[in-house]
Amino acid sequence: MKEVKLLGLWYSPFCHRVEWALKVKGVKFEFIEENLQNKSPLLLESNPIHKKIPVLIHNGKSICESMVIVEYIDETFEAVGTSFFHKSEKAKEKVCEMLKILDNELKDKKFFVGNKFGFADIAANFLALWMGILEEATGIILVTKEKYPNIYAWRDEYINGNKEYLPSRDELLAFFKARFQAATTPPYSN
């Protein structure tokens, strides 16, 4: 059994980013609430240079900085997302739980931190362009205007405001359609 611990603060958006990644991947973990006024020996030992949260501890190995941790989680743990695009109901439920949380975070806001585009929006770029393309490529539609109105509006705002920085939607769609078709087509046999 792999041991996974997350040192963090319940109110930190950086810790929630890591929690979300762990939950989406279906990774069981122990959340250890820290006190930044009285840092625990485990935090000081796990992040001796910066002494900051979040810190992910996986089998005794410490990983720091939320985006680095998210990348590590993505590369290390089997994805619920992979199951999602293979029409797993349990995976879809987990993704929908996360979408509901994000939709609520965007309530009465144009972007994640208010009316100004920021780092949190950049960190959520998968949700902006790629998820819509993957939905179209697989035929599994999760984000509708009716079900997640805030995400839907944010996604449109994100794409329309960043078109010059995003890859071609048509090229991405063709790429992912081909990938999913190849993944679902049985190998040729005589």
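## Order of elements

Read along the sequence, the protein chain follows the pattern β-α-β-α-β-β-α-α-α-α-α-α-α. The protein chain has nine helices and four strands, where helices (H or I, at least four residues) and strands (E, at least two) are DSSP runs numbered from the N terminus. Taken along the principal axes, the C-alpha atoms of the protein chain fill a box of roughly 60 × 50 × 30 Å.

This is a predicted model, in which local features need pLDDT of at least 70 and side-chain atom pairs count only at pLDDT 80 or more, while totals for chains, interfaces and linings use all residues. Residues are numbered from 1 along each chain as its sequence is written, and side-chain values use heavy atoms, with hydrogens and water left out.

## The sheet

Strands of a sheet pair through backbone hydrogen bonds, either parallel or antiparallel. Here four strands form an open sheet in the order S2-S1-S3-S4, with mixed pairing; two strands pair if DSSP finds at least two bridges between them. Strand S2 (30–33) and S4 stand at the edges with a single partner strand each, so one side of each is left without a neighbour in the sheet. From one strand to the next, the twist averages 20°. For angles such as those given below, axes are lines fitted to C-alpha atoms, for helices over the stretch in contact, and the angles run from 0 to 180 degrees between N-to-C directions.

Strand S1 (residues 4–8) and S3 run antiparallel and are joined by four bridges. In this pair, Leu-7 stands opposite Val-55 in S3. Strand S3 (residues 55–58) also pairs with strand S4 (residues 61–64), again in the antiparallel sense and over four bridges, and His-58 stands opposite Lys-61 in S4.

## The hairpin and the cis bond

S3 and S4 form a hairpin with two residues between them. Asn-59, in the loop between S3 and S4, has a positive phi of about 50° although it is not a glycine.

A cis peptide bond joins Ile-53 and Pro-54, with omega at about 0°. Pro-54 is placed in the loop between helix H2 (41–46) and S3.

## Helices H1 and H3

H1 lies across S1, S2 and S3 and runs at about 160° to S1. H3 lies across S3 and S4, running at about 125° to S4.

The axes of H1 and H3 come within 9 Å and cross at roughly 5°. That makes H1 roughly parallel to H3; angles under 35 degrees count as roughly parallel, over 145 as roughly antiparallel, 65 to 115 as roughly perpendicular and the rest as oblique. In their contact (heavy atoms within 4.5 Å), Phe-14, Arg-17, Val-18, Ala-21, Leu-22 and Lys-25 in H1 meet Ser-66, Met-67, Ile-69, Val-70, Ile-73 and Asp-74 in H3. The residues of this contact of H1 with H3 divide into eight nonpolar, one polar and three charged. For these classes, Ala, Val, Leu, Ile, Met, Phe, Trp, Tyr, Cys and Pro count as nonpolar, Asp, Glu, Lys and Arg as charged, and the others, Gly among them, as polar.

## Helices H5 and H8

The axes of helix H5 (residues 89–105) and helix H8 (residues 149–162) come within 7 Å and cross at roughly 70°. That makes H5 roughly perpendicular to H8. Leu-99, Leu-102 and Asp-103 in H5 meet Pro-149, Asn-150 and Ile-151 in H8. By class, the contact of H5 with H8 has four nonpolar, one polar and one charged residues.

## The second largest pocket

The second largest pocket has a volume of about 180 Å³. On a 1 Å grid over the protein atoms alone, a pocket is an open set of points where a 1.4 Å probe fits, with protein on both sides within 12 Å along at least five of seven lines, and lining residues have an atom within 4 Å of a point. Grid points are joined across faces, edges and corners, and a volume is the space filled by probe spheres set on the points.

Residues lining the second largest pocket include Phe-14, Arg-17, Ile-53, Pro-54, Cys-64, Ser-66, Met-67 and Phe-119. Helix H1 (13–25) and helix H3 (66–76) are the elements that give two or more residues to this lining. H3 gives the most, with three residues. By class, the lining of the second largest pocket has seven nonpolar, two polar and three charged residues.
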